[in-house]
Amino acid sequence: MEDEHIMEALGKARVVVKNGKVVEVGEPKIKYCPLFDRHRGIREINKESIKENIEFRIKDFGLFTENRVVEVEDCIVGFGTSEIFMSALKRGLLDVVVIVADCAGTVITNNPKLVQGLCGRISGIVKTSPIPKVIEKIEKAGGHVLNPKTAEINQIKGVEKAIELGYKRIGVSLTSLDDAIKCKSLENEEIKIITFGVHTTGINENPEEFVEYFDLVTACASKNIREGLKGKIKAQIGVSVPIFALSQIGKELLLERAKDVEKPILISVEELPCLKGRQPEPLI
């Protein structure tokens, strides 16, 4: 059977992978990202550099194939969604997280190494096909795949499943405000849902509503997020592609992650957002 995986990758370009081969690369909306420049030496995001990077991930990490590595502790960046969730699980701020993985779809897990392994090398997964060997590895590592037959991506159902499994403090990665509203509606006196907005490049939703429904949000290459959250940010990590905490628990998750970063860290009191150095180009 042919498997198909669709991801919005570097520059939010649509990338299609079938049977371990990159078969389609769309036009990127962003031409420069400071993170990929710093960590991979990519000075210009174009179809060629995108294809090369995805092929590197497939070869090095087994993305989209049965050779997929699922558990790691090494971090490419100090502060990313997977890194923050990983530290929060280690330190007991969260009981479980609901994430998205290629080859499996929505995954519920309390294993920090599995979170980093599944999320540390991916971008926005739009669609994925189930690969049984990868799902088996995930389940052996303590992950619960929402739908092993279809690799469905549905974060709301994932949170509902986490509640059904008995978890109380649940972190979830989300790509839309609507999904965050639905997840927050599942909270009660015992259940706390910590929402993390990801893949925000190009969003046109009202950023003021983000403050009500998101605890954390990545700025990515979003002009809307950078400008619309002024004066509403409780803490910030990073300056070129920052992550913003919009609630007290979000702030606590950022600070807990800081304890696990071995490199020196500067903590300062400033008006936020603080946007120094080169930003993604263009911001959209």
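1. Thr 109 has Gly 143 of strand E7 as its bridge partner. Strand E5 (residues 105–109) is joined to E7 by 3 bridges, and the two run antiparallel. Strands here are DSSP runs of E, at least two residues long, and helices are runs of H or I of at least four residues, both numbered from the N terminus. Two strands count as paired if DSSP finds at least two bridges between them. This is a predicted model, in which local features need pLDDT of at least 70 and side-chain atom pairs count only at pLDDT 80 or more, while totals for chains, interfaces and linings use all residues. Residues are numbered from 1 along each chain as its sequence is written, and side-chain values use heavy atoms, with hydrogens and water left out.

2. The open sheet has 8 strands in the order E7-E5-E4-E8-E9-E10-E12-E11, with mixed pairing. Strand E7 (143–145) and strand E11 (235–237) stand at the edges; each has a single partner strand, so one side of each is left without a neighbour in the sheet. On average, neighbouring strands of this sheet are turned by 20 degrees against each other, direction ignored.

3. Helix H7 (residues 177–184) lies across strand E8 (169–174) and strand E9 (192–197), and runs at about 170 degrees to E9. Axes are lines fitted to C-alpha atoms, for helices over the stretch in contact, with angles from 0 to 180 degrees between N-to-C directions; contact means heavy atoms within 4.5 Å.

4. A search of the whole structure finds 1 cavity of 30 Å³ or more. The volume of the largest cavity is about 30 Å³, and its lining includes Leu 174, Gly 197, His 199, Phe 210 and Phe 214. A cavity is a set of points, on a 1 Å grid over the protein atoms alone, where a 1.4 Å probe fits but cannot get out; lining residues have an atom within 4 Å of a point. Grid points are joined across faces, edges and corners, and a volume is the space filled by probe spheres set on the points.

5. Helix H3 (residues 81–90) is mostly covered, with 9 of its 10 residues buried, among them Glu 83, Phe 85 and Met 86. Buried means under 20% relative accessible area (1.4 Å probe, protein chains only). Just after H3, Gly 92 takes a positive phi of about 80 degrees.

6. With a disulfide defined as a pair of cysteine sulfur atoms within 2.5 Å, the count is 0. For Cys 220, the nearest cysteine sulfur is that of Cys 33, 8.6 Å away. Cys 220 is buried, at a relative accessible area of 18%. Cys 274 is also in no disulfide, the sulfur of Cys 33 being the nearest at 18 Å; Cys 274 is buried at 11%.

Terms used
Buried means under 20% relative accessible area, exposed over 50%, partly exposed in between (1.4 Å probe, protein chains only). On a 1 Å grid over the protein atoms alone, a cavity is a set of points where a 1.4 Å probe fits but cannot get out, and a pocket is an open set with protein on both sides within 12 Å along at least five of seven lines; lining residues have an atom within 4 Å of a point.
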